[in-house]
Amino acid sequence: FGGTGYQAFIEVGINQLPSPDYSIYSNDRDFLSLNHVKSIQWAFSVADATSWLNRRRSLAMSVGLQLVFDDYVFSDNITLVKDGGMLFSERISEDYKKSKLNVVSLKVPVMLHIGRRRGLHVSGGVYGGVVLSSHTKIKSPTHKMHNPYINPFYAGVTGRVGINDWYVYG
């Protein structure tokens, strides 16, 4: 919500990992299951620009720069380890209160918007980003492992449906 043009000043979302085939993992095929209530994304717009493509201002293109904080809280008490080029889970004691992966990145969304900002609008586009830092964190006692095998670059597609300053995205 907020912001100039169509890019939001703040975005809050729930993180979801894709569901690839984990059949090669014989010991634990659901090791990346998340606690979705606590797996949250916060994105803050650092800069944005909107270009109107028609006189009625109902068609626009925008580009932004966002600072993104992603938390992925695991459902089970695990940490991530790499062995032989593959990522595996390693069980940790049940005494630990939390096990999570934290990723901080810069993201550039490029969006096409249809509709007026004040009223109903639909947007779609692409984004790309670069990871600035990442670590896993195990709480109680606190232990951090930096750069836990995260790809340094990412890209994807996105869509939004909104009314006035509020929208839902995926």
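Modeller: Contact means heavy atoms within 4.5 Å. Leaving aside neighbours within four places in sequence, Thr 158 is in contact with Met 111, Ser 123, Gly 124, Gly 125, Tyr 127 and Gly 170. This is a predicted model, in which local features need pLDDT of at least 70 and side-chain atom pairs count only at pLDDT 80 or more, while totals for chains, interfaces and linings use all residues. Residues are numbered from 1 along each chain as its sequence is written, and side-chain values use heavy atoms, with hydrogens and water left out.

Colleague: Where is the place of Thr 158, and which backbone oxygen does the side chain of Thr 158 reach?

Modeller: Thr 158 is in strand S9, residues 153-163, where strands (E, at least two residues) are DSSP runs numbered from the N terminus. The side chain of Thr 158 reaches the backbone oxygen of Gly 170 at 2.9 Å.

Colleague: How many salt bridges does a search of the whole structure find?

Modeller: A salt bridge is a side-chain nitrogen of Lys or Arg within 4 Å of a carboxyl oxygen of Asp or Glu. The search of the whole structure finds two. In one of them, Arg 160 pairs with Glu 11, with the closest N and O atoms 3.0 Å apart. Arg 160 lies in strand S9 and Glu 11 in strand S1 (residues 10-14), so the pair ties together parts that are 149 residues apart in sequence. Arg 160 counts as buried at 7% relative accessibility, and Glu 11 counts as buried at 3%. Lys 100 and Asp 71 also meet in a salt bridge through their side chains, at 3.6 Å from N to O. That pair links distant parts of the chain, with Lys 100 in strand S6 and Asp 71 in strand S3, 29 residues apart.

Colleague: Which residues make up the largest nonpolar core?

Modeller: A nonpolar core is a set of buried Ala, Val, Leu, Ile, Met, Phe, Trp, Tyr and Cys residues joined through side-chain atoms within 4.5 Å. The largest one has nine residues in all, among them Leu 32, Tyr 72, Phe 74 and Val 131. Strand S4 (78-83) and S6 are the elements that give two or more residues to this core.

Technical notes:
Helices (H or I, at least four residues) and strands (E, at least two) are DSSP runs, numbered from the N terminus. A polar contact is a pair of N or O atoms within 3.5 Å; within protein, one must be able to donate a hydrogen and the other to accept it, and residues adjacent in sequence count only if both atoms are side-chain atoms. Buried means under 20% relative accessible area, exposed over 50%, partly exposed in between (1.4 Å probe, protein chains only).
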